[in-house]
Amino acid sequence: PHPEVTINYRHGLPVITLMLPTRSERCRFTVKPMVTTVGAFLQDVQREDKGIERAEVFSTDGSKVSNATLMEVLLMNDFKLVINNTEYRASPPVKDKPSSEHATEMEDVKSLVHRLFVALHLEDHQIRKERELLQKLDRLKEELLPLEQMKARLMDSADAKTSRLLWVGLALMSTQGGALAWLTWWVYSWDIMEPVTYFITYGSAMAFYAYFVLTKQDYIYPDAKDRQFLHYFYRKSKTQYFNVERYNKLKEDLAEAEESLRRLRQPLHLRLPIQEINDKD
């Protein structure tokens, strides 16, 4: 006959008693079903008997039970424990069906255990995540460095062209004003030049209206200057093979990583007194 595993409940906790194969003595193992996994239980058994080379758990249909399975789940049905070449059969006792109030209390206990587990392991997770974000920031900054340098050159060139265009416009307006004054006082009279100035004003109004029709924006000098600056910048980017879309994507990823790192380093956000890694700043 196959040796059996005895399972009893003492103070609400299952006590598993089995015969150790090489030591030939019975040993009791008290497990915490809601936190102990099958793998942890098997490790406890192997620590008690150094002669154990193989320890596995199978269901009654022969399927192997994962080491990550909680003992609470395992103890719901019969199972087989295989140690070396010895097979142990276990039949957990049937527990009374808990009341709804008791079930609610058990769920609260499970929730509390889960939160405690997260609290104890969150700091390690945060440090790993922080290091990953720092490495990502370094990689993004390294990729952005040549693009930032090229962008600075392109912006200087576009800004210089835009400034030249503004000065040319001022020079043309000054020339126009001087020409109209010369024609009014030295060549013709105001009676002759008044219709000319009227049509020049009307033509300027038509030009501003055409600008609105084409751009759907009012002709405001700062906006017009920025629009012309972007026109020069994108035209120069094509000739210099500057990938604006890739640059914008890298900037968005960098901003997202910095925001994630900032939120990760807020102890109040995590509700824990987590220490920050300051040596990599």
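Is Tyr198 buried or exposed? Tyr198 has a relative accessibility of 51% and therefore counts as exposed, where buried means under 20% relative accessible area, exposed over 50% and partly exposed in between, with a 1.4 Å probe and protein chains only.

## Basis of the model

The model is predicted, so that local features need pLDDT of at least 70 and side-chain atom pairs count only at pLDDT 80 or more, while totals for chains, interfaces and linings use all residues. Residues are numbered from 1 along each chain as its sequence is written, and side-chain values use heavy atoms, without hydrogens or water.

## Aromatic cluster

Ring pairs link Tyr198, Phe199 and Tyr202 into a cluster; rings of Phe, Tyr and Trp (its six-membered ring) pair if their centres lie within 6.5 Å, planes under 30 degrees apart counting as stacked, over 60 as edge-to-face and the rest as tilted. Tyr198 and Phe199 are edge-to-face, because their ring centres are 5.4 Å apart and their planes stand at 75°. Tyr198 and Tyr202 form a stacked pair, 6.5 Å centre to centre with 15° between the planes. Phe199 is exposed at 57% relative accessible area, whereas Tyr202, at 47%, is partly exposed.

## Nonpolar core

The largest nonpolar core has 24 residues, and Val5, Leu18, Phe41, Val57 and Leu81 are those with the most contacts inside it; such a core is a set of buried Ala, Val, Leu, Ile, Met, Phe, Trp, Tyr and Cys residues joined through side-chain atoms within 4.5 Å. Leaving aside neighbours within four places in sequence, Phe41 is in contact (heavy atoms within 4.5 Å) with residues including Ile16, Leu18, Phe29 and Leu81.
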